[in-house]
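Reader: I have a model open on my screen and would like to learn how to read it. Could you take me through it step by step?

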Amino acid sequence: MNKRIIAGQLLQEIATGVCGLVPGAVVIQDERITDIIEGEIPASADAGGLQALICPGFIDAHLHLPQFDIVGAHGLPLLDWLSGVTFPAEQRWDDPAFAAGMTRCAARRLLASGTVSFASYATVHHEATKAAMQCVEALGMKAAVGQVLMNRNAIPELCRSTSQLLQEAASLADAFPPESRVEFAVTPRFAVTCTEDLLIGAGALAAEKGALIQTHLAETVPECQKVDELFGGVSYVNVYRNANLLSGKSVLGHGVHLDTHDLMLLHEANSVVAHCPVANSFLGSGAMNRSGLQRHGVRLALGSDIGAGYEISMVRVARAMIETAAATGDAFPSAAEAWHLITAGNADALGWSEVGRLRVGASADLLVVQPDIPWLSGGIDPLAMLMFGWNDRWISQTLIRGHCCFRQG
Ligand SMILES: [Zn+2]
């Protein structure tokens, strides 16, 4: 591929966990970033310009591909929303062609919103999960996708035997190993819909294959009570810990209702909690105590949790994180930290080194953003201006491996 130069204000990590702006250019060749030039913004660039933001594509650490069509089912708490809205929708993935079509639509919407990489749940359907993964692979996106493991407390059409689920998951783990662009994630939905033997099998499979683990944890109080009932009073975190599901490769969605002991265990395991503020407010699940998790050294990621989350844009999810913290009187992150979280921070949380940063050698997965506000005129933090005034239509191009896969207009 010919060399291309993309110029503008580069979003760069300027200190640990903090992004800043550096004028310059990114040189792309053969799908990778081959050089970063800092200082001047060259007038001869192929894309960008003096007022452009050039940033790594956004990464979503928690979403559900089969739920893109049910966004907005408002007014139900989690367990009713699952049985009344989500499970009927996920049944449609019984047809792998439907799953592939839906994945293509979802990916198009993600790319138009600047999200180039994600960790996603599929459904319990093996063939549909495979079809979705092949579809994401064909688009070139970096992603982790998991067949949902579920053997109880769901409609019968969505429950499978433990042995069938583990066998199918193992075959997908072999077909999509951790080093591949689309990797398999061991994905027990949550403790309510999994028996102990399934959780233990999932933990063993993840260890054997070196796979990512994703599941939900302590999203709502009734869910926590149900887990307590089902597992004879063993704490939610310990249910996962006992099944070897807590490791440095575990991404646990939500973590809203956790006590100090839970946080210590999560820290000890080096596991990640994927904060999903939009979904939490939508389902009335509660507000995560973000700074409390940070104080205990728990690693954090950020997710849209589509379809309980209704915001596809990771910038607006980041804004919701700031607003949630502010509304609960919690210390809130700066825009510079929030920009870091939806790019390099989520990449680190998912163990991905090829995306999330503008650096030499990385895959050229990046955004050319042309804001129509005077964000560089001084006086106000430009990254805060972008975050709070964000408009998806500012994204003029989304590049995956150096190829333009979305263009505005
Ligand atoms: Zn979720």
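Reader: How many Å separate the centres of domain 1 and domain 2?

Author: This is a predicted model, and in it the two centres, taken over C-alpha atoms, lie 29 Å apart. Domain 1 is built from two stretches of the chain, 4–57 and 356–407, while domain 2 covers 58–349. Where the domains touch, domain 1 brings 30 residues to the contact and domain 2 brings 29.

Reader: How do I read the size of an interface like that?

Author: The usual way is to quote the accessible area that is lost when the parts come together. For domain 1 and domain 2 the buried area comes to about 2,400 Å². Carbon and sulfur atoms give 66% of that area.

Reader: Which elements give two or more residues to the side of domain 1 that touches domain 2?

Author: Among them are strand S1 (4–15), strand S2 (18–29) and helix H13 (382–388). H13 has the largest share of that side, with 5 residues. By residue class, the side of domain 1 that touches domain 2 has 18 nonpolar, 6 polar and 6 charged residues.

Reader: How many salt bridges does a search of the whole structure find?

Author: That search gives 12. Another to look at is Arg357 with Asp348, where the closest N and O atoms are 2.9 Å apart.

Reader: And aromatic rings, how should I read those?

Author: Two values describe a pair of rings: the distance of the centres and the angle of the planes. The structure holds 6 aromatic pairs. In one of them, Tyr236 and Tyr240 are 5.5 Å apart centre to centre, with 50 degrees between the planes, a tilted arrangement. Both tyrosines belong to helix H7 (residues 236–242) and are 4 residues apart, about one turn of the helix.

Reader: Let's turn to the backbone. Is the peptide bond from Ile306 to Gly307 cis or trans?

Author: That bond is cis, and its omega is near 10 degrees. You will find Gly307 in the loop between strand S13 (299–302) and helix H11 (314–327).

Reader: Is phi of Asn244 positive or negative?

Author: Positive: phi is near 55 degrees, in a residue other than glycine. Asn244 is in the loop that runs between H7 and strand S11 (250–254).

Terms used
Residues numbered from 1 in each chain as written. Predicted model: local features only at pLDDT ≥ 70, side-chain atom pairs only at ≥ 80, totals over all residues. Heavy atoms only, no water. Domains from an automatic or database assignment. Contact = heavy atoms within 4.5 Å. Buried area = accessible area lost by both parts, 1.4 Å probe. Salt bridge = Lys/Arg side-chain N within 4 Å of Asp/Glu carboxyl O. Nonpolar A, V, L, I, M, F, W, Y, C, P; charged D, E, K, R; others polar. Phe/Tyr/Trp six-rings, centres within 6.5 Å; stacked < 30°, edge-to-face > 60°.
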